[in-house]
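Here's a quick briefing to read alongside the model. Have the viewer open and click through as you go.

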Amino acid sequence: MSYELQLKMKENPLYKKYLRENSLWYKKLIRNPSLFNEFKEEMRATYKLRPSDKVDKALDAFNFISNLLSSMV
């Protein structure tokens, strides 16, 4: 794995965690470091860190509060 890629992995603990949980990515990134963006997107999708996931989480919270308030009335 390239030195720059190793530094990126060390900077973000989620990258390290995901890499340990999905060891196939070791081989992929060693052979082709340009797949880092794909790795990053897959990690974000798995840990639900994408902007769309955050919006969904906020909408779920809003719906929960709305249902809670409507059941009290």
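Predicted model: local features only at pLDDT ≥ 70, side-chain atom pairs only at ≥ 80, totals over all residues.

Residues are numbered from 1 along each chain as its sequence is written, and side-chain values use heavy atoms, with hydrogens and water left out.

**Core**

- Ten residues make up the largest nonpolar core: Leu5, Met9, Tyr15, Tyr18, Leu19, Trp25, Leu29, Phe36, Phe39 and Met43. A core here is a set of buried Ala, Val, Leu, Ile, Met, Phe, Trp, Tyr and Cys residues joined through side-chain atoms within 4.5 Å; buried means under 20% relative accessible area, exposed over 50%, and partly exposed in between (1.4 Å probe, protein chains only).
- Two or more residues each come from helix 1 (3–11), helix 2 (13–21), helix 3 (24–31) and helix 4 (36–46). Helices are DSSP runs (H or I, at least four residues), numbered from the N terminus.
- Leaving aside residues up to four places away in sequence, Phe36 touches Leu5, Lys8, Met9, Tyr15 and Leu29, with contact meaning heavy atoms within 4.5 Å.
- As background, nonpolar side chains in soluble globular proteins tend to be buried together.

**Helix 2, face by face**

- Tyr15, Tyr18 and Leu19 are the buried residues of helix 2. Looking down the helix 2 axis, they fall within an arc of 100 degrees, so they line one face; the arc is taken from the directions from the helix axis to the C-beta atoms.
- Those buried residues pack against helix 1, helix 3 and helix 4.
- Over on the other side of helix 2, you'll find Pro13 and Arg20 exposed.

- Lys48 sits in the loop between helix 4 and helix 5 and has a positive phi of about 55 degrees, although it isn't a glycine.
- Lys48 is exposed, at 59% relative accessible area.
- Asp53 belongs to helix 5 and counts as buried, at 15% relative accessibility.
- Not counting residues up to four places away in sequence, Asp53 touches Arg44 and Lys48.

**Surface patch**

- Phe64, Ile65, Leu68, Leu69, Met72 and Val73 make a nonpolar surface patch of about 700 Å².
- Patch members have over 30% relative accessible area and no salt bridge, with nonpolar side chains (Val, Leu, Ile, Met, Phe, Trp, Tyr) joined within 5 Å and like charges within 9 Å. A salt bridge is a side-chain nitrogen of Lys or Arg within 4 Å of a carboxyl oxygen of Asp or Glu.
- Phe64 is in helix 5 (residues 51–72) and is exposed, with a relative accessible area of 56%.

Technical notes. Areas by Shrake-Rupley, 256 points an atom, 1.4 Å probe, with all protein chains shown as cover.
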